[in-house]
Amino acid sequence: MGALDYISNFCTVTSTRSKRKPMQTVEIKVKMDCDGCERRVKNAVNSMKGVKTVEVNRKQSRVVVSGYVDPNKVLRRVKSTGKRAEFWPYIPQHLVHYPYVSGAYDKRAPAGFVRNVVQAYPASNAPEDNIVSLFSDDNVNACSIM
């Protein structure tokens, strides 16, 4: 190791700056009864570092936060206001093939939304699944193929 290599080890600059979080949208379900509840939740989230916009919809009990934030920190901040909060569990009804399957339909969901459950989506029709089922014991036509 030469003298320049030895000296360059002391002169290297390391960046202590952390990588910036990606821009994302966080949707949270929060039960809000009055203007005071709405204002308290909005102010708590607005004071966070990296928050760009906060939209509060009291009728749907929904808070949408956009910015360079961590979703878990946003949820913790909303819970610190004393309100019960969870990530938004609903998806638009037109995206689901079976909206009335057990567990998907929720009476408390806003109009046009259902719960996001696996049973509401159709079974996979991948070609690998079809080939595997050809030689299955459950397939009554398996013997005719062989």
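A salt bridge here is a side-chain nitrogen of Lys or Arg within 4 Å of a carboxyl oxygen of Asp or Glu. I worked with that cut-off on a predicted model.

**Entry 1: Glu38 and Arg58.** I looked up this pair and found their side chains in a salt bridge, at 3.5 Å from N to O. Glutamate 38 sits in helix H2, residues 35-46, while arginine 58 sits in the loop between strand S2 (51-57) and strand S3 (62-67), so the bridge ties together parts 20 residues apart in sequence. I then noted that Asp35 belongs here too: salt bridges with shared partners join Asp35, Glu38 and Arg58 into one network.

I checked accessibility next. Glutamate 38 comes out at 22% and counts as partly exposed. Arginine 58 is also partly exposed, at 30%.

**Entry 2: the whole structure.** How many salt bridges does a search of the whole structure find? I got five.

**Entry 3: Glu86 and Lys29.** I found a salt bridge between the side chains of glutamate 86 and lysine 29, at 3.9 Å from N to O. Glutamate 86 is in strand S4 (residues 85-87) and lysine 29 is in strand S1 (residues 24-30), so this pair links parts 57 residues apart in sequence. I read 35% relative accessibility for glutamate 86, which is partly exposed.

**Entry 4: Lys31 and Asp33.** I looked up one more pair. The side chains of lysine 31 and aspartate 33 meet in a salt bridge, with 3.9 Å from N to O. Are these two buried or exposed? Lysine 31 is exposed at 53% relative accessibility. Aspartate 33 is exposed as well, at 55%.

Note on methods
Residues are numbered from 1 along each chain as its sequence is written. This is a predicted model: local features need pLDDT of at least 70, side-chain atom pairs count only at pLDDT 80 or more; totals for chains, interfaces and linings use all residues. Side-chain values use heavy atoms; hydrogens and water are left out. Helices (H or I, at least four residues) and strands (E, at least two) are DSSP runs, numbered from the N terminus. Buried means under 20% relative accessible area, exposed over 50%, partly exposed in between (1.4 Å probe, protein chains only).
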